[in-house]
Amino acid sequence: MKKLNVREIALIGVLGGMAGVLMLFRTPLPFMPPFMDFDLASLPELIGGFAMGPVAAVCIILVKLLVKLALVGTNSMFTGEISNLLLSLSYVLPAVILYHRHKNKRSAVNGMLVGTILCAIAAVLTNLLLIIPFYVNLYGMSMEDILMMCQAVNPYVSDTLMLALLGIIPFNLIKRGAESLLTLLLYKKISPMLKQFVKKQA
């Protein structure tokens with residue numbers, strides 16, 4: 001396991017703080033489930049992971065969640081934070097690991113593509129097995145109530161399968177696709193500065 005130096009730890013704190021703040025700027029997407037909000041919190045995680053490796057990426061994700069909890073707390077008894085952790089890891093780690101095997105644009109794109117697909121699968125599992133059951137129990141709702149909420153924005157969501165196919169999976173493909181595109185546009189421009197900052201002094 002790679003040992004982080006002081007400068008890398010400092011950069012992890014900065015990027016994790018940025019990701020935590022980005023989590024607060026959330027917006028719903030048209031025709032998507034109303035309990036899913038769009039944000040760009042994984043952008044600093046990807047950039048930091050590409051610059052410093054998978055260990056740093058995991059640390060940035062953890063700092064992000066700690067910052068979010070410190071700023072606004074939790075309204076889901078940590079269910080949302082656990083789900084966010086799992087989804088972030090499933091998206092960011094494959095991308096960072098594949099990129100660090102061959103540091104070129106193609107491996108970065110392939111890594112983010114693999115991460116996006118894995119994250120979409122993980123999102124279906126976490127939403128159906130973790131998030132939705134939590135809110136069903138908390139508010140005394142039923143799965144039919146959840147489906148009715150989704151039908152209000154997309155009438156084709158008629159059952160759990162359609163919720164996954166028309167809601168959860170498309171939402172995550174859009175979210176991760178946007179983060180991947182922004183990473184490709186930004187990383188090469190700022191990576192020299194990041195690498196120069198974390199470079200160990202002789």
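This is a predicted model: local features need pLDDT of at least 70, side-chain atom pairs count only at pLDDT 80 or more; totals for chains, interfaces and linings use all residues.
Visitor: How do you know that the span of helix α3 agrees with its number of residues?

Guide: Helices are DSSP runs of H or I with at least four residues, strands are runs of E with at least two, and both are numbered from the N terminus. The expected span of a helix is 1.5 Å times one less than its number of residues. Helix α3 covers residues 54-72, which is 19 residues, so it should span 27 Å, and its end C-alpha atoms are 27 Å apart, which agrees. After α3 comes Gly 73, which has a positive phi near 70°.

Visitor: What makes helix α2 largely enclosed by the rest of the structure?

Guide: Buried means under 20% relative accessible area, exposed means over 50%, and partly exposed lies in between, with a 1.4 Å probe and protein chains only. In α2, 11 of the 11 residues are buried, so the helix is largely enclosed by the rest of the structure. Among them are Glu 45, Phe 50 and Met 52. The cover over these buried residues includes α1, α3, α4, α5 and α7 (160-198), where contact means heavy atoms within 4.5 Å. Just after α2, Gly 53 takes a positive phi of about 110°.

Visitor: Which residues of α3 are buried, and what do they pack against?

Guide: The buried residues of α3 are Ala 56, Ala 57, Ile 60, Ile 61, Lys 64, Leu 65 and Lys 68. They pack against α1 (6-22), α2 (42-52) and α4 (79-101).

Visitor: Why is the pairing of Lys 64 and Glu 45 called a salt bridge?

Guide: A salt bridge is a side-chain nitrogen of Lys or Arg within 4 Å of a carboxyl oxygen of Asp or Glu. The side chains of Lys 64 and Glu 45 meet at 2.7 Å, N to O, and the pair therefore counts as a salt bridge. This pair links distant parts of the chain, with Lys 64 in helix α3 and Glu 45 in helix α2, 19 residues apart. Lys 64 has a relative accessible area of 1% and is therefore buried, and Glu 45, at 0%, counts as buried. Side chains of opposite charge can pair when their charged atoms come close.

Visitor: How many salt bridges does the whole structure hold, and which residues form a network of them?

Guide: A search of the whole structure finds 7 salt bridges. Arg 26, Asp 37, Asp 39, Lys 175, Arg 176 and Glu 179 are linked in a network. Within this group, Lys 175 and Glu 179 meet at 3.2 Å, N to O, and both lie in helix α7, 4 residues apart, about one turn of the helix. Both of these residues are buried.

Visitor: Why are Asp 37 and Arg 26 called partly exposed?

Guide: Asp 37, at 25% relative accessibility, counts as partly exposed, and Arg 26, at 39%, is likewise partly exposed. Their side chains meet in a salt bridge of 4.0 Å, N to O. The pair links distant parts of the chain, Asp 37 being in strand β2 (residues 37-38) and Arg 26 in the loop between α1 and β1 (27-28), 11 residues apart.

Visitor: What makes Asn 5 buried, and what does its side chain reach?

Guide: Asn 5, in the segment before α1, has 13% relative accessibility and therefore counts as buried. A polar atom of the Asn 5 side chain lies 3.0 Å from the backbone nitrogen of Arg 7, and the side chain of Asn 5 also reaches the backbone oxygen of Val 198 at 3.1 Å.

Visitor: Why is Met 193 called exposed?

Guide: Met 193, found in helix α7, has a relative accessible area of 54% and is therefore exposed. Met 193 and Ala 51 are 142 residues apart in sequence and 10.0 Å apart in space, C-alpha to C-alpha.

Technical notes: Residues are numbered from 1 along each chain as its sequence is written. Side-chain values use heavy atoms; hydrogens and water are left out. A polar contact is a pair of N or O atoms within 3.5 Å; within protein, one must be able to donate a hydrogen and the other to accept it, and residues adjacent in sequence count only if both atoms are side-chain atoms.
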